[in-house]
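Please study the sequence and the structure before reading each solution.

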Amino acid sequence: MKKRIITGVSLTLIFVLIAGILLPILRPDYDGVNFNASDKTNTTDKVIKFNSEGKLKILHITDTHLNLNHKYNFDPTIWLIENACDKEKPDIVMLTGDNVVNCENAEDTKKMINALMNIFDSRGIPVAVTFGNHDSEQGSMTREELMAYYNTFSCSVSVDDGENLSGCGTYNIPVLSSDGENIKFNLWVFDSGDYDKNGKYSCVQSDQIEWYKETSDKLKAENNDEVVNSLVFQHIIVGEIYDALKKSDSWKSYSYKHLYNEDEYYMFNPENTNYGTIRETPCPGYENFGQFEAMVEKGDVLAMFTGHDHTNAFAVNHKGIDIANSLSTRYISLFHSTQCGYRVIEIDENDTSTYETRVERIFDIYDFETAKQERKSGDTATYLIALEFAFKGKIQKFATVVYGKFIESVTDREVTYAD
Ligand SMILES: [Fe+2]
């Protein structure tokens with residue numbers, strides 16, 4: 001028994017050494033990245049409608065944290081977004097903030113935006129952008145300057161809401177029926193801000209909520225007085241997530257401490273429909289001006305999708321709305337493996353009262369077979385990236401199984417690794 005444990009630990013250490021240090025350092029730069037400014041040759045259709053099969057497929061990408069200083073993270077993150085686009089062939093991409101972070105100057109920020117936006121531009125995929133707490137943090141570019149720059153790419157369907165609303169990047173995208181005749185669905189995009197006056201996380205402000213209510217009423221009036229079903233995309237989760245989770249007065253395995261309230265712990269509530277994994281404390285804004293309640297009142301939102309909490313991938317139903325968080329799409333290379341991936345959401349125009357979604361974790365997608373295929377393609381950089389993903393996937397799964405078994409043994413609750 002002792003021998004088996006020692007062998008297991010040694011093998012894990014060897015895997016960590018290979019995947020966490022050797023592969024990133026040995027890896028040459030991936031030359032598929034396009035750092036050039038928009039060449040404006042793309043003519044992506046700005047009108048979003050259900051595709052010829054009557055479906056709308058959304059790719060939710062969030063918290064990419066692109067920054068060339070994090071050299072080892074940059075190439076794999078770009079490559080996995082490219083692969084996600086090619087595999088999923090989405091009708092629209094939603095980028096919900098912390099897209100490019102910590103660049104020292106506007107030139108570097110633009111270079112990172114180019115690398116990201118060229119992925120979608122070259123494939124003709126429309127993209128809706130909003131911002132997180134980090135995008136304008138360094139001060140090299142304001143949110144308005146960032147939005148103007150994102151909009152130099154023809155694939156961007158983002159809107160600068162102007163001076164009327166707090167923040168920059170609060171707008172809606174009406175989705176037309178496949179025949180283009182009428183509005184069938186709606187996508188709301190909110191700038192949930194960065195930090196409040198006390199330095200705590202921000203939230204959607206009162207004026208944005210008023211705008212939402214008015215626009216929701218307008219859409220309803222134009223739709224024979226029937227609500228237009230919709231989804232919400234923004235960076236920071238709403239404070240009501242803590243009402244949706246189950247409260248416990250003491251720490252229990254698989255419970256997380258409230259971000260602001262002392263001695264309050266929360267975990268999934270099996271009684272509301274939920275799925276996924278919660279691995280860190282949800283981080284909503286400290287203040288709450290009533291965005292969620294306004295949406296409950298209007299009755300047009302099926303689900304709200306956020307990022308920000310990088311390792312949480314779940315959906316919890318509360319008052320008829322799914323509060324859903326998506327994994328960070330940033331790959332962290334050296335040593336640390338985190339949950340990393342993207343979310344796919346599909347809506348059918350024949351029944352817009354519901355939607356389907358799944359979370360794709362990169363460690364589920366890439367295995368040694370993928371690496372073998374990449375080796376055949378002859379690109380050393382992508383071969384080594386795929387190999388790194390495969391190695392880390394093994395470590396990640398091993399850790400997840402061990403952790404899951406531990407949680408199950410102390411809580412009697414089944415832990416699922418699925419989304
Ligand atoms: Fe964030």
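**Exercise 1.** Which residues point one way from S13, which point the other way, and are they buried or exposed?

*Solution.* The model is a predicted one. Begin with the extent of the strand: S13 covers residues 321-325. Next, recall that side chains in a regular strand alternate between the two faces of the sheet. Applied to S13, Ile321, Ile323 and Asn325 point one way, while Asp322 and Ala324 point the other way. For burial, the criterion is 20 or more other C-beta atoms within 10 Å of the residue's own. All of these residues are buried, and S13 is accordingly described as mostly covered, with five of its five residues buried.

**Exercise 2.** Determine the strands that pair with S13 and the sense of each pairing.

*Solution.* Consider S11 (residues 301-306): this strand pairs with S13 in the parallel sense over four bridges. Within this pairing, Ala303 is opposite Asp322. Then consider S12 (residues 313-318), which runs antiparallel to S13 and is joined to it by five bridges. Here His318 has Ile321 as its bridge partner. Finally, examine the hairpin of S12 and S13: two residues lie between the strands, and Lys319 takes a positive phi near 50°.

**Exercise 3.** Describe the pairings of S14 with S1 and with S15.

*Solution.* First, S14 (residues 341-348) runs antiparallel to S1 (residues 55-61), and six bridges join them. Leu56 has Ile347 of S14 as its bridge partner. Second, S14 pairs with S15 (residues 351-361) in the antiparallel sense over seven bridges. In this pairing Arg343 stands opposite Val359.

Conventions: Residues numbered from 1 in each chain as written. Predicted model: local features only at pLDDT ≥ 70, side-chain atom pairs only at ≥ 80, totals over all residues. Pairing = 2+ DSSP bridges. Buried ≥ 20, exposed ≤ 12 C-beta atoms within 10 Å, placed from the backbone.
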